[in-house]
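The sequence and coordinates are displayed first.

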Amino acid sequence: MERKTKIQAEDGRQDLVITREFDLPLDLLFRAYTEPGIIEQWMGTKVLKLENRPHGGYQFETSDGKGNVAFRANGAIHEFVPEKKITRTFEMENAPLGIQLEFLEFEPLSEDTSKLIMQIVYRSAKHREEQLKLPFSYGINMAHDRLEEVAGKLK
Amino acid sequence: MNLRRDVFQAIADPTRRAILLLVATQSMTAGVIAANFDTARPTVSKHLQILTECELLQQEQNGREIYYHFNAKKMKEVADFIEPFRKMWDDRFNKLEDVMKKYKSKK
């Protein structure tokens with residue numbers, strides 16, 4: 001199975017890193033994060049506010065089929081370097097998950113491909129676990145591949 | 001849920017992960033496992049007990065000896081916990097890619 005999106009979550013840490021390579025040139029990948037109309041398409045959320053600049057803010061809102069607000073998130077943008085990086089906070093409203101800090105780095109791989117590295121820092125390792133809803137596999141990555149290989153043989 | 005949490009605590013420890021890797025290659029007795037570590041024997045026993053309690057290891061009596069087996073099924077279950085989260089992001093990014101490809105062709 002192809003695994004384009006990788007999650008790295010090391011032992012006892014309060015952050016995780018999500019990496020993804022895209023079959024998209026860098027400028028398109030960056031636009032996907034900065035144009036409200038585009039964000040709405042792939043995130044399936046309404047963009048109430050998006051100020052792409054340092055000290056800017058954003059607010060997203062998702063409704064269920066009946067028009068009730070199911071989810072609302074907001075944050076402040078701290079760094080905004082076009083086609084390079086966005087540093088921002090993220091808060092899911094009315095959820096006891098805490099505020100997180102997100103470092104998004106955009107890199108060109110070739111003319112037609114690019115990479116996104118997203119580091120998410122939680123208030124504590126416990127918050128990281130809570131956010132994921134599921135007990136997260138601390139440090140499993142180290143042992144994971146080999147163990148899975150063994151598990152695969154025994155399936 | 002509690003039991004599952006225990007599994008995660010079990011694999012959060014580096015020595016226990018090393019034990020799992022060791023036993024995954026071959027079933028072995030507590031003595032042989034302990035011989036692979038500098039850690040004191042009772043400490044290794046404690047690790048084995050924890051791994052057995054959360055079913056990552058299984059004991060099997062073979063004559064006078066007890067062999068520890070690696071329970072691949074349980075490990076698979078644990079490995080799968082990370083999967084829904086990864087899958088969520090993967091789906092989201094696939095969508096992003098699809099949406100943006102339309103913009104590409106418009107250029």
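A:Thr87 has A:Phe103 as its bridge partner in β7(A). Here strands (E, at least two residues) and helices (H or I, at least four) are DSSP runs, numbered from the N terminus. Likewise, A:Leu101 in β7(A) is the residue opposite A:Thr89. Strand β6 (residues 85–92) and strand β7 (residues 100–108) of chain A are paired in the antiparallel sense, with six bridges; two strands pair if DSSP finds at least two bridges between them.

The model is predicted: local features need pLDDT of at least 70 and side-chain atom pairs count only at pLDDT 80 or more, whereas totals for chains, interfaces and linings use all residues. Residues are numbered from 1 along each chain as its sequence is written, while chains are lettered from A and ligands numbered from 1 in the order in which they are written.

## The sheet of chain A

In chain A, eight strands make up an open sheet with antiparallel pairing, in the order β1-β2-β8-β7-β6-β5-β4-β3. From one strand to the next, the twist averages 20°.

Helix α1 (residues 26–34) of chain A packs on this sheet and touches β2 (15–22), β6, β7 and β8 (114–121) of chain A. The direction of α1 makes about 155° with that of β7(A); such angles run from 0 to 180 degrees between N-to-C directions, with axes being lines fitted to C-alpha atoms, for helices over the stretch in contact.

Strand β5 (residues 69–81) of chain A runs antiparallel to β6(A), and six bridges join the two. A:Val81 stands opposite A:Lys85 in β6(A). The two strands form a hairpin with three residues between them. A:Glu83 lies in the loop between β5 and β6 of chain A and has a positive phi of about 60° although it is not a glycine. This residue counts as partly exposed because it has 15 C-beta neighbours inside 10 Å; the classes are buried at 20 or more other C-beta atoms within 10 Å of a residue's own, exposed at 12 or fewer, and partly exposed in between, with C-beta atoms placed from the backbone.

A:Gln8 belongs to strand β1 of chain A. With 13 other C-beta atoms within 10 Å, A:Gln8 is partly exposed. A:Gln8 and A:Ile18 are 10 residues apart in sequence, and their C-alpha atoms are 6.4 Å apart in space.

In chain B, helix α2 (residues 14–25) and helix α4 (residues 41–53) pack with their axes 10 Å apart, at an angle of about 70°. The two helices, α2(B) and α4(B), are therefore roughly perpendicular to each other (angles under 35 degrees are roughly parallel, over 145 roughly antiparallel, 65 to 115 roughly perpendicular and the rest oblique). B:Thr15, B:Arg16, B:Ile19 and B:Leu20 of α2(B) make the contact with B:His47, B:Ile50 and B:Leu51 of α4(B); contact requires C-beta atoms, placed from the backbone, to lie within 7 Å.

B:Glu55 is located in the loop between α4 and β2 (57–62) of chain B. Its phi is near 70°, a positive value in a residue other than glycine. B:Glu55 is partly exposed, with 17 other C-beta atoms within 10 Å.

How values were computed:
Contact = placed C-beta atoms within 7 Å.
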